[in-house]
Amino acid sequence: MASKLDSPVQTQVAVAVFNGICNGEYHGNTRARPSRTRRVFVQTETGCVLGLELDRNDNAHTVKRRLQLALNVPTDESSLTYGDLTLKNDLSAIRNDSPLLLTRNAMHRSSSTPCLSPTGKTFQQGDQSGPIEILGCSNRFAGTTELVKDIIRAIKNGVDPIPVNSGLGGAYYFRNIKGENAAIVKPTDEEPFAPNNPKGFVGKALGQPGLKHSVRVGETGFREVAAYLLDYGHFANVPPTVLVKVTHSVFNVNDGVNRNKHQKKKKVSKIASLQQFIPHDFDASDHGTSSFPVDAIHRIGILDIRIFNTDRHAGNLLVRKLSGVEGFGQVELIPIDHGLCLPESLEDPYFEWIHWPQASIPFSADELEYIKNLDPVRDCDMLRAELPMIREACLRVLVLCSIFLQEAAAFGLCLAEIGEMMSREFHGQEEEPSELEVVCLEAKELTMEIDMSFFESDEGDNEFQFDMDCEAAEVNVAPKMSGLFAKLPFYYRSESFNEKNLLAQVDENLEESEIQVDGGPISAAVACGHKDDWVYTASRLSLSLKKVNLGEKGFHYHGGKQKGKMIGYSSRMIRSANEHLPTSTSFVKFADMSEEEWNLFIEKFKELLYPAFAKRRSRTIVQRQRLGTSCQF
Ligand SMILES: Nc1ncnc2c1ncn2[C@@H]1O[C@H](COP(=O)(O)OP(=O)(O)OP(=O)(O)O)[C@@H](O)[C@H]1O
C-alpha cells in the first residue's frame, strides 16, 4: 500500500467516531452506545484526533486496519500505545473514552515522511460530536460538568475562545455566555515542542521526551488532572481540572510551509486539559511574598513534594486579594500549571517557595495530620482508575515522594528542608544528585544484586569511574569526589575511601551529631533507632558510588543494566515505554525495576531515610548558627 505520509498535517481533522462514518452507523452524539462497545480517541503523533468505537470483537489489528483506511499508512509501520502498553492484540485493558497514541515505528520515520495525518476526503469533515466532551465519567469531575455546559452554551452562541499569549504552550481562555473567562484549555499537541505549538517551540512528536526529559510531549494534560485529583479536600487549592476532547476552529495547526493556514477556517479536535479559570489579581512573581499565608504555602509545598513538581515557578502561583474587612491585606494563592509534575524518573524539581521564610516554619498539627493520612497506594489506585493512561513510572515517583514527605515530616523537618533535600545543586556546569537521589541510589544498590563485571571504565571517555577499592586512585579521586561527598550523608564520607575508616567515621559522627528532636538534644542514632542499619549502609557505600561516573561533564549514573542480562522487567512492560528517555539527565530511574525489586527498594529506601534526615537537620542547625538569630522564627 502506498503510504502518503509525506504530506504534512494540512488539517488536523477530528473525525467523530469515524468507523461509524465508514460503516454508516454513526448518528451523532445522541446515539445510544451498545454496552459492549467502548469509545476511544486515537491521537496521532502530530496531534490529530480520531474518535473510534471499539466492538467487543476488535483487537489491535482490526483497529489499525481501520486507522489504515483513515491515515493511509500500512499497519505494520505503526504502533498503537496506551500509556505503558503497546497494544499487540488484546484491547481488554482499554477503557471507554481513553486516548490512544498512534506512532510510526522508528524505521519508518524520517524527514521525508514526517506525519501521520488523515488523507481521504471522507475524513476531512468537522466533528459531529459535542464541542467539549469530558474524558472519563468519574463523579470526581461532577463539579466541572456545569462549567463545561456553560462553555458549550457560550460557544453555540458565538462566544469564541481567546488564545492566551503568555506561557510557552498553546492555551485558550474559553468563556461563558457573558463573555467572562470560564476555563483555560491547553491542547496536548500544542505543548512546548509538540507539533502544533503556536509559539514556535516545535520539533518533536508526541511521545518523545519533552521540555523536561522525563515528561513526554503530549503527556502534560493528564498530569494537570492528576494534580487536581490528588489534591484531596481542595487542600492546596488546585482549580478543578479535567481531560477533554474539544473541538473548535480557534486551535492552532502548524502546516509546514503554510503554517497556520487553516487555523481560522477548520474545526479541529484536540485532547486537552480544561481547568476552571480563577479570577486573580496577579501572580507571585509580581508581588512581595511576605503577605502570603504560611498555611497556603505549606499546603502548596506539600502537594509539590508529593507530585515532584518540576515547574513551581512564581508565575504558576496565582494571587487573589481577599476583599471585605476581614480579608483586608490578605491574599489567597491558587496553584496552576501542573503539567510537569510526576515525571517518569527523578529530575531536578523546582520549588519557588523554597527560600520563602514561610517554608522554614514548622508544619502545623493539621498539616502533619494531613501528611500522616496520605496513602500513596490508594492514590495510585485512584489515578489508575481515573487516568488509565498514566505510566507506572510516574506512580512510583508519587509513592516515593509521598513516603519521603511522610517520613521527613514525622522526623520534624520543615518544608524548606524537605524541598532542599529533593533539589540538585549545580557547581558551574556540573549537576549533582540531590540528597533524595543519593538515598535512592544507595537503596537501589541494596536492592539489586551486583554483577562486578559491570564495572568497566569507559574507554575513550574522559569520565572517571570511581572505584572505591582502587587505592592508587585515591589521591586523584578525592578532589573530584568532594562535590558528591558534600551531598552524601556523613556516614558515607571518609577521607580514604576505606570501609574500616568509614565505619569509624560513622561512629565518630554519630557521637558528634546531636540533633534537636521534640525539644531535647539526642543523638541522631538514638533518635532514629537505626544505628545498625547505618553501619550496614556504610559497608555498602562502595556499591552505590561505583555506578556514579564523575567527569568534567558532571555525574552520570549508569543504573539498571547489568552485563549479560537486563534486570528489572516488570510484568507490566513499563521498561519498554521508557526507552526513549535520555539517561544522562536522570540519576535514578524506577521504571526498570520489577514489582519485587520495587517493593524491596522501597523497604531499603525507608531504612536509609532517617540518617539522611539527621544529616540534613544538623546542616540546617549549622546554617542557622552561621546566620545568627535573625533567621529564627
Ligand atoms: N486556572 C487558571 N485561572 C486563571 N488564569 C490561569 C489559569 N491557568 C493559567 N492561567 C493563566 O494563563 C497563563 C498561561 O498558563 P500556564 O502557565 O498554565 O501555561 P503554560 O503554557 O503551561 O505556561 P508556562 O510556559 O509558564 O509553563 C498563566 O500565566 C496564567 O496567567
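Trainee: Which residues in α4 meet Asp379, Met382, Leu383 and Glu386 in α8?
Mentor: Ala226, Leu229 and Leu230 in α4 meet those residues of α8. Contact here means heavy atoms within 4.5 Å. Helices are DSSP runs of H or I with at least four residues, numbered from the N terminus. This is a predicted model: local features need pLDDT of at least 70, side-chain atom pairs count only at pLDDT 80 or more, and totals for chains, interfaces and linings use all residues. Residues are numbered from 1 along each chain as its sequence is written, and side-chain values use heavy atoms, with hydrogens and water left out.

Trainee: At what angle do α4 and α8 pack?
Mentor: About 135°, with their axes 11 Å apart. α4 covers residues 220–230 and α8 covers residues 376–386. That angle makes α4 oblique to α8. Angles run from 0 to 180 degrees between N-to-C directions, and the axes are lines fitted to C-alpha atoms over the stretch in contact. Under 35 degrees is roughly parallel, over 145 roughly antiparallel, 65 to 115 roughly perpendicular, and the rest oblique.

Trainee: New pair. How do α5 and α7 pack?
Mentor: At about 15°, with axes 11 Å apart. α5 spans residues 294–306. The two are therefore roughly parallel to each other. Their crossing is right-handed.

Trainee: Which residues of α5 and α7 meet?
Mentor: Asp295, His298, Ile302 and Arg306 of α5 meet Glu367, Tyr370 and Ile371 of α7. That contact has three nonpolar residues, one polar and three charged.

Trainee: And what about α7 and α9?
Mentor: α7 (residues 365–373) packs on α9 (residues 392–411) at about 140°, with axes 9 Å apart. That makes α7 oblique to α9. α7 passes α9 in a left-handed crossing. Leu368, Ile371 and Lys372 of α7 make the contact with Leu405, Gln406 and Ala409 of α9.

Trainee: Switching to the ligand. How many residues surround it?
Mentor: 19 residues surround the ligand, each with a heavy atom within 4 Å. The closest are Leu168, Lys186, Gln276, Ile278 and Asp337.

Trainee: How far is a polar side-chain atom of lysine 186 from an oxygen atom of the ligand?
Mentor: 2.5 Å. For tyrosine 173, a polar side-chain atom lies 3.4 Å from a ligand oxygen atom.

Note on methods. Left-handed = near helix turned anticlockwise from the far one by under 90°. Polar contact = N/O pair within 3.5 Å; in protein donor to acceptor, adjacent residues only side chain to side chain. Nonpolar A, V, L, I, M, F, W, Y, C, P; charged D, E, K, R; others polar.
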